[in-house]
Amino acid sequence: MGARPLQWALWVGDAVRPLEDYGGQPVIVPVSKSENSLSPTILQSVSEAKVLAFHATVRLSKFSRPGENLDWLGVEKQLGEAVEWSVYVGARMLVVNPVEKVPESCYVQFARVLLRVSCRSQECEIVLRCRFLDEWNLWYVIKQLGASLWTADTNSVNAHRGIKRVCVSLDAHYPNCPDQLFQNIAARWLGEDVAMLLCTTTAFKANQQGLPSMVKRNRQLVETFLRRDLYVVLEMPAAGNSATTPAADTAAATIVSAVAATTNTAAPATPGAATAVVATDFLIQDVRKYIEQTVLWLQYTHHQLPPLLPTEISRGSHHDYLQEPLQPLADNLTAYTYSVFEEDRIKYDLYRAAIKEQLVNLLQKALLDPSHCPAAHQQHGGRPDLVATGCTATGSPATGAAATATDSGSGSSAERFTTVHIAYLGGGRGPLMQECFDALMSLGWRRDETGFFYLAPDSTSFPADGPSPTGGLPPTGGPSAASPVPASSTNQVSPVRAVRFSFSVVEKNPCAALVLRQRVLADPCEWWRDVEVVETDMREWRPRLGVDLVVSELLGSVGDNELSPECLWPVYRSLTPQGAVVPLEHTSYFAPIAASKLHRQLATESSATGAFDAGYVVDLYNYTTLAQPALPAFRFSYKPDAGGHGPGDGVKGVVETETKDRDVIAHYRRVDEFNRFARLRWTIQSHGEVVECHGFAGYFSSLLSPSVICSIAPHDESRDMDSWYPLYLPVERSLRLEDGDELELHIWRVCDISRVWYEWLVQVQRGATIYYISRIHNWAGCVWNFRK
């Protein structure tokens, strides 16, 4: 199976066979009011989707008048009749097919005619066929004029106006087009909302075996479109082409039934696609064989594509669907939202690896450094919980002596122990807490009946030189370099010290907190019995014990848009001097994109809602990146400094404000401590072609632990993750950019006492001149902001 189920159809010219001769394969037939078109089968075929669309041929030379302009009223009349017939028979699509190249001086007139005709289309979509190489400018003019007709009011007469999708026609092998120019043109079309790709007979060349094939770059373009949810359409040769006979033309239709039966089944035999294409014209001498061979070539090309991943299948309904970013700090998430995020196994594998690595480093310090954890815990009120287990805590905060536990069960001499406190912030329903347990168990730790956690039964100590900092990374099960070693090891610590783990899960959502309490009582994993569930805002949490490891999953599409800096900083007051955090840091990235479909969707809403002043989480699908690479904007680092009392570089130091009002969350002396500004610049390299920019795609890359990265940024993407989609920042006016233009994005992250928001503007410099500068989008957070 290829990337997607193969969707293909046949483009039938003027000579239409009875539809039953096409073997049930979808066809695109010409608009005709002939007796054949009025047969009883035509209406049934349309309703059963056997007729995918109609196409209306437009020959502008037919409407030329000597010494005068074209008869545009005649053009409109012809297209209007085609639309009326398509609507009458219930067709879903009408492809306008200008067989002659539209002169550039006629672009506006032709676009106006199409837009007027589209007003009559009702539910029948009007699609324009454009040649791949030289008709993107025509499509751009039609888009720009149609933008004024789009409206969000579905009851309005304007609701169905506009030509919104295009049929790209691959009609040659383009021997005189340089490769780089070809790639730039392809990128422009990939940024459009393409309804179908039409492969004409002239797009194929004969290979060394005399079979139809395509040159390499044409084939790669077809492969790219096959990965998208659209139809690839093969043009049937017209009757009389080359040595074609009427008998062969009749047989051409009947062969489709047999060929279609093999679609999406076992891999077809390798056709000529695998061999070199020679520069000879393809002479169609037998239409029957030509159709069979081209369909087999298409099936083979489709079969060579990599299979769909499970995440790609699940994302199908979210392609190019604009969603408002979540605000988990201000709003309580639903059970469905939690369940969607918890299905992302890749994300939790990365988090488990990062937690495991941080635990290896932390436990090495806790077991081998007597002054590590106990001193910090004594500073936070000692260990009254040890009394319940028959243990006593000793040691002076000044000396940092380790706590001492008495084994009351065996009466043996006292052994030294230390306590490690792990806090999970924004716990949700507890998936990362379970990852912590799995990481500890994979390192050999087991829980005993008294509530203490010792080394595995077959191990009594860590080696004196400590475990390898990176030895605890995947795989999660089985022995690893970080696992404890037997007591017989020559390098060991004496006496053996136990570690008591203390777990806290902080969650403000009362419903999710209830689920957590249920897990504490009844979860099959016994480690949950020692979890403390704290139902409060994490910024208000005051733990009685110092925190040795802070784990959170507050990352948004650009890292900080779910307010992780504002949420995580208050917990640093309770972090021990040698404490660790997951994640360590995250950075946002932005890149300019062409995404015509997204921009059109916003244009239908902009007048009423200020849609261009907001960012959107979207699974980008019909888009192309205009410049590489994605550039970094805002970096926030959560690495504690040497004293354990603040973040490292990338986050400004913040001092807590003393306040008696517990209802007002005002942790900072200055509310602008997390303000940021970035100026990003790209040079457009389009090799003489014009490209269109519709906004910017935002990503993040996060360093979870020293050797584990979780990222959706293109340069270091963690493949197959499904928890995050990129953030789309639109521009109100689509930008036409030329080769060599300097495109700049100015973006601000702004905070006040109760909100955080982003502002952005775009600037284009052409040579030494500032060619364009936009307004500031989302000024003062007037439309889009995140509530603290």
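In what order do the eight strands close into a barrel? The order is E1-E2-E3-E4-E5-E6-E7-E10, and the pairing is parallel. From one strand to the next, the twist averages 30 degrees. This is a predicted model.

**Barrel strands and a helix**
- Strand E6 spans residues 165–170, and strand E7 spans residues 194–199.
- E6 and E7 pair in the parallel sense, over five bridges.
- Helix H4 (residues 136–147) lies across strand E5 (125–131) and E6.
- H4 runs at about 150 degrees to E5.

**Leu73**
- Leu73 is found in helix H2, which covers residues 72–89.
- Its relative accessible area is 66%. Leu73 therefore counts as exposed, since the cut-off for that term is over 50%.
- Leu73 and Phe63 are ten residues apart along the chain, and their C-alpha atoms are separated by 9.2 Å.

**Asn778**
- Asn778 sits in the loop between strand E29 (769–773) and strand E30 (786–787).
- Is Asn778 buried or exposed? Asn778 is buried, because its relative accessible area is 0% and the cut-off is under 20%.
- A polar atom of the Asn778 side chain lies 3.2 Å from the backbone nitrogen of Val783.
- Asn778 also touches Val783 in the contact list, which leaves out residues up to four places away in sequence.

Key
Residues numbered from 1 in each chain as written. Predicted model: local features only at pLDDT ≥ 70, side-chain atom pairs only at ≥ 80, totals over all residues. Heavy atoms only, no water. Helix = DSSP H or I, 4+ residues; strand = E, 2+ residues; numbered from the N terminus. Buried < 20%, exposed > 50% of the residue type's maximum accessible area, 1.4 Å probe, protein only. Polar contact = N/O pair within 3.5 Å; in protein donor to acceptor, adjacent residues only side chain to side chain. Contact = heavy atoms within 4.5 Å. Pairing = 2+ DSSP bridges. Axes fitted to C-alpha atoms, helices over the stretch in contact; angles between N-to-C directions.
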